[in-house]
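Trainee: I have a structure to work through. Can we take it step by step?

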Amino acid sequence: MITKEATEVAPAPVSVPTATDQRPRKNNRSWDEVPRWQIYLPLSIYLVFTLIPFYWILLFALRPAGSTSLVPWPVTFDHFEKVWTERSFGTYFQNSLLVGVATLIMTTLVALAGGYALARFDFKIKQAFMLALLCSQFVPGALLLVPLFEIFAELQMINSLGSVIIAETVFQLPLSMILISNFIKNVPYSLEEAAWVDGCNRLTAFRIVVLPLLRPGLIAVGSFAFVHSWNHFLFALMFLNNQDKQTIPVGLNTLMSADSVDLGALAAGGIIAAVPVVIVFAFIQKWLITGFSAGAVKG
């Protein structure tokens, strides 16, 4: 006699998915499998929108005055000669170059010293100081024009390139100091300790061991300090009165009046202002990318 218990069939084992089975499958699709048009089409659209304004500037700068041709032919350099000699762009260029190089040097040196202190030393107000540096980036420069003007007037620095250099350096320092401190944190502290064991003091160890490793970071910080001071309009407009002290951004503003605008001269001046920056970034592109990659890694 078959009992009820014998007729019961044991339930099939239920497989419980493991943690490995629950993970979503990764998409192993490589770039080689992506259709080329999905890459080249967006890049082509972006390139067109980027190059059309530059072509328009070149068109106005190279074609004769009064011409409406969409091709700069015959090519003329009269607009460049006009802005360089008659509009004193040669003087503006020298002033901008002096302000840019001086701001680059001062910003890099001060940010290097402050960044090393933030990276290697612990003090009570360190967090508060870092917070103050970050908060200073939210203060617009236009808000401080009046107190800065009063300070420079008391120091008799109005209409001096030194006032613009100091103002540009002060506004570049917070971000530059934070970036330099991140770069220094990525340098192992054991390297400095090994130099101390060999008889070097802190300054010598920093100069021999740490400083060469900071080259990409210093180039990144210095290049942005130079470009910002080269393009900045507000400080030069407020602190410089004489024409022989003005910089290129202010010089470009003088080419526009309430009655008319010399488009050819304005385009030529814009190209003169843009060429140095393009050349600088073309030469330091490799170091700039390396510097930002190093600064993005948390030490």
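Predicted model: local features only at pLDDT ≥ 70, side-chain atom pairs only at ≥ 80, totals over all residues.

Trainee: Is His79 buried or exposed?
Mentor: Start with the cut-off: buried means under 20% relative accessible area. His79 has 9% relative accessibility. The value falls under the cut-off, so His79 counts as buried.

Trainee: Which residue has its backbone oxygen 3.2 Å from a polar atom of the side chain of His79?
Mentor: His79 lies in helix 4, residues 78-86. Leaving aside neighbours within four places in sequence, its contacts include Phe60, Arg63, Pro64 and Gly264. The backbone oxygen at 3.2 Å from the His79 side chain belongs to Arg63.

Trainee: Which helix gives the largest share of the lining of the largest pocket?
Mentor: This pocket has a volume of about 390 Å³. It is lined by 19 residues. The largest share, seven residues, comes from helix 8.

Trainee: How many charged residues are in the lining of the largest pocket?
Mentor: Sort the lining by class. Twelve residues are nonpolar and seven are polar. The number of charged residues is none.

Trainee: What about the second largest pocket: which helix gives the largest share of its lining?
Mentor: Its volume is about 220 Å³. By class, its lining has ten nonpolar residues, one polar and no charged. Among the lining residues are Phe54, Leu252 and Val278. The largest share, seven residues, comes from helix 14.

Note on methods. Residues numbered from 1 in each chain as written. Heavy atoms only, no water. Helix = DSSP H or I, 4+ residues; strand = E, 2+ residues; numbered from the N terminus. Buried < 20%, exposed > 50% of the residue type's maximum accessible area, 1.4 Å probe, protein only. Polar contact = N/O pair within 3.5 Å; in protein donor to acceptor, adjacent residues only side chain to side chain. Contact = heavy atoms within 4.5 Å. 1 Å grid on protein atoms, 1.4 Å probe; cavity = no way out; pocket = protein on both sides within 12 Å on 5 of 7 lines; lining within 4 Å. Points joined across faces, edges and corners; volume = space filled by probe spheres on them. Nonpolar A, V, L, I, M, F, W, Y, C, P; charged D, E, K, R; others polar.
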